[in-house]
Amino acid sequence: MSKKKIIIAGPCAAESREQVLSAATQLSSLGVDVMRAGVWKPRTKPGSFEGVGDVALEWLAEAKRLTGLPIATEVATAAHAEKALRAGVDVLWIGARTSSNPFSVQEIAEALRGHRGPVWVKNPAGSDIELWIGAVERLVRCGVEQIGLIHRGFSGYDTTSGYRNTPLWQMALEMKRRMPSLAMICDPSHICGNREGLLEVAQRAADLDFSGLMIECHPWPERALSDAEQQITPQALKQLLAEIVWRNGEGEASLCKEELETLRATIDRLDEEIFTLLAKRMEISEEIGHLKLRNNLTILQSNRWQEVVERVLTRTDSLGLGRHCVEQILEAIHIESIERQNKIMH
Ligand code: PEP
Ligand code: MN
């Protein structure tokens with residue numbers, strides 16, 4: 001494995017002293033770095049189990065004393081943050097429902113002013129990257145230094161994706177690009193919503209150079225009071241962690257440095273060609289824009305665009321290109337092209 005990866009695991013919620021101590025003992029023997037357990041659970045609908053509240057802090061403190069395992073919990077209000085820190089909770093995280101709400105994040109950030117311990121920020125439930133960045137900025141402005149990101153997928157109306165929260169990997173990668181100094185870990189449990197998909201999602205995160213994982217693990221998953229379908233036993237966690245292949249990240253590619261550089265030089269040259277061609281295509285599109293203006297033609301000529309798309313799509317197989325990829329590229333080209341003709345018309 002390359003750089004040490006952080007593994008945070010533990011139950012969705014702390015439910016009883018027995019459950020917390022059992023989880024902690026087993027997780028510490030697996031070499032997990034931090035145990036998670038929700039004390040206050042933000043549930044989407046009323047009437048679900050909302051965590052046992054403050055009393056769980058005592059169980060967590062006891063688990064930490066017993067095993068030496070650092071403890072993490074979710075904070076959704078300033079009071080949660082204050083109570084958690086007072087109880088000796090080592091790692092805090094802001095959940096997806098909370099990171100969606102700037103007022104709540106601001107309140108928590110102020111309660112954590114100057115806090116030195118780690119604070120992880122989950123992506124907002126909806127796919128708004130600026131909100132996610134905003135939550136980080138609010139913490140930064142309050143002097144919180146150890147901030148990390150947790151990718152837990154995005155909720156949406158589409159339930160056909162097979163995920164509880166669709167990963168939208170591209171969005172997570174864009175966040176990594178925008179905030180390169182922050183570590184990002186992946187929470188496959190809340191992405192999948194089931195046990196079966198965990199390995200695939202965790203492996204995907206490992207391949208995308210994530211810094212670790214947060215996984216829900218319960219001594220008796222089928223009896224869990226929240227998220228029962230997605231929690232796994234410590235034994236299953238052990239197996240899962242053994243199966244994930246962590247590859248070497250950037251800076252550790254010395255084994256094949258030269259070969260990689262040669263291939264990348266070719267990629268750079270091809271990118272140059274692709275974008276030079278694209279620029280030429282746009283010039284022609286502008287010429288067409290002038291022609292349309294002179295002849296009072298609409299910018300959008302639906303049949304023509306349909307033809308363009310169909311012609312290119314018939315080539316995807318022989319070119320070995322994915323249909324979705326080609327469709328997205330065509331869409332981006334079309335938008336830019338319309339934009340340019342629009343400028344010419346007005
Ligand atoms: C959780 O971690 O148990 C949780 C509530 O997650 P999320 O905020 O990602 O929904
Ligand atoms: Mn959960």
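Here is the tour, from the whole chain down to the ligands.

Before clicking, note that this is a predicted model, where local features need pLDDT of at least 70, side-chain atom pairs count only at pLDDT 80 or more, and totals for chains, interfaces and linings use all residues. Residues are numbered from 1 along each chain as its sequence is written, chains are lettered from A and ligands numbered from 1 in the order in which they are written, and side-chain values use heavy atoms, leaving out hydrogens and water.

**Whole chain.** Colour 6–247 as domain 1 and 253–345 as domain 2; the bounds come from an automatic or database domain assignment. Their C-alpha centres lie 40 Å apart.

**Manganese.** Now pick ligand 2, the manganese ion: its protein donors are Cys 12 (SG), His 190 (NE2), Glu 216 (OE) and Asp 227 (OD), at 2.1 to 2.4 Å. Donors here are N, O and S atoms within 2.8 Å of the metal (3.2 Å for Na, K and Ca); water is not among the atoms, so sites may look incomplete. Along the sequence the spacing reads C-x177-H-x25-E-x10-D.

**Ligand 1.** Which residues are around ligand 1? Select those with a heavy atom within 4 Å, and you'll get Cys 12, Arg 36, Lys 41, Glu 74, Trp 93, Gly 95, Ala 96, Arg 97, Lys 122, Arg 152, His 190 and Glu 216.
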